[in-house]
Amino acid sequence: MKEKIQNSIDKINLISKKIGFDNSHKKTIINQIDTKDPDKKLLTLQSGDWSANEPWFIIDKNDKIHTMISIDTFLQIIQSLQKAQEENFNLKLEKTIWQNIPLDFNDVWTVAMTEIKKQIGNSKDKKTIGINTEKIVQDIKKKYPNLFLNLDMYLPPNLNGEMI
């Protein structure tokens, strides 16, 4: 049993290091023990203290490690993930626009954002997941060809009608 707990503590230390906690960060580690009542569990402090910083690490009877955080921390994590998703989407859209050689990037960006807002406007969650940036930019290119450089105009066709 002690070997299992030590193995779990080693895993917790490894995880802590990966998420940026150094060895000086005091970790609260709790053992979860079953009781005779199936609706109740006993939590015993393995190390750290009950008022320590989060996350708290909980080791269950199967040596599985769980974490416990406050709702405030959880909401901060969700907000960070949403912001990262938005930034990722914006970068993807920016890359797609540049790949299509815009004459004025800001004009294409504005039209693209208007189209995206139309698509997510009726959606309750207002998420950009599933929006195909390439399709949006191609649709804009068809609808507003004057916003993009047309290389075909500058390259002469060869005898077979193909580009050189």
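Start by selecting helix 2 and helix 3: they cross in a right-handed way (the near helix is turned clockwise from the far one by less than a right angle). Helices here are DSSP runs of H or I with at least four residues, numbered from the N terminus.

A quick note before you go on: this is a predicted model, where local features need pLDDT of at least 70 and side-chain atom pairs count only at pLDDT 80 or more, while totals for chains, interfaces and linings use all residues. Residues are numbered from 1 along each chain, and side-chain values use heavy atoms, leaving out hydrogens and water.

Now look along residues 71-99 (helix 2) and 105-121 (helix 3), which pack at about 130 degrees with axes 11 Å apart. Axes are lines fitted to C-alpha atoms over the stretch in contact, and angles run from 0 to 180 degrees between N-to-C directions.

Hop over to T133, which sits in helix 4 (residues 133-143). Is T133 buried or exposed? With 1% relative accessibility, T133 counts as buried (under 20% relative accessible area, with a 1.4 Å probe and protein chains only). Select its neighbours too: T133 touches F89, K92, L93 and T96, leaving aside residues up to four places away in sequence.

Last stop: helix 3 and helix 4 pack at about 115 degrees, their axes 10 Å apart. Pick out I136, I140 and K143 on the helix 4 side of that contact.

Conventions. Helix = DSSP H or I, 4+ residues; strand = E, 2+ residues; numbered from the N terminus. Buried < 20%, exposed > 50% of the residue type's maximum accessible area, 1.4 Å probe, protein only. Contact = heavy atoms within 4.5 Å.
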